[in-house]
Each structure stands twice: as structure tokens, then as C-alpha cells.
Amino acid sequence: MIADDMRDRLAVLNPQFLEVLDESEQHRGHAGWRDGGQTHFRIRLISNEFQGRSRIERHRMVHAALGDIVPRIHALALELDTPKA
């Protein structure tokens, strides 16, 4: 499953919290949706690796970690943060 592959690859960012949600069913009938889901994802990730990084840099880090998964899906929403003190 794509969500499992995402979790495995994102481990390189040493997440303190990681949630990968398949939101495909919420987009049934919309562009990019296909039978069986796995087209629309939301990732919530908290990591010290994001410390001092801009929002764009954080997104690039996630995209780099996911590699060839990104072109295989239609939509990816990212919620990326550092741990709160």
C-alpha cells in the first residue's frame, strides 16, 4: 500500500509524530480519483529535522524522502511542524 511505503520512507526524517491519511474517498468523483483509492493523501509530521527550515524547505524534504511515490498520486496535503517546547 502507498501509505505504508510513505511511512517507511519518511522514517528518514526521524519523526516524533507521523500520520499518513488516505483521504481519497472524500474526493470520489473529483479529478484524479480512481477506484480503490490511494490517490489523495494528508501527511502530518512532527520532526526536529524541520527546525530552522522554511515551509518550502520542509515540503522539499518530504518530497525528496517520498521520491517516486509523489508522481503516482494525485494530491498530497502536508502539515509539517517541529516539536513544541
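A: What follows begins with the chain as a whole and then turns to its salt bridges.

This is a predicted model, in which local features need pLDDT of at least 70 and side-chain atom pairs count only at pLDDT 80 or more, while totals for chains, interfaces and linings use all residues. Residues are numbered from 1 along each chain as its sequence is written, and side-chain values use heavy atoms, with hydrogens and water left out.

The protein chain holds two helices and three strands, where helices (H or I, at least four residues) and strands (E, at least two) are DSSP runs numbered from the N terminus. Read from the N terminus on, these elements follow the order α-β-β-α-β. Of the 85 residues in the protein chain, 32% count as buried; here buried means under 20% relative accessible area, exposed means over 50%, and partly exposed lies in between, with a 1.4 Å probe and protein chains only.

Side chains of opposite charge can pair when their charged atoms come close. A salt bridge is taken here as a side-chain nitrogen of Lys or Arg within 4 Å of a carboxyl oxygen of Asp or Glu, and by this rule the count comes to eight salt bridges.

One of them joins Glu79 and Arg44, whose side chains meet at 3.0 Å, N to O. Because Glu79 lies in strand 3 (residues 75-81) and Arg44 in strand 2 (residues 40-46), this pair ties together parts that are 35 residues apart in sequence. Glu79 is partly exposed, with a relative accessible area of 34%, and Arg44 is also partly exposed, at 28%. Both residues belong to a network of salt bridges that links Glu19, Glu23, Arg42, Arg44 and Glu79.

Asp81 counts as partly exposed at 27% relative accessibility, whereas Arg58, at 15%, counts as buried.

Asp81 has a further partner in Lys84, and the side chains of these two residues meet in a salt bridge at 2.6 Å, N to O. Lys84 counts as exposed, with 64% relative accessibility.
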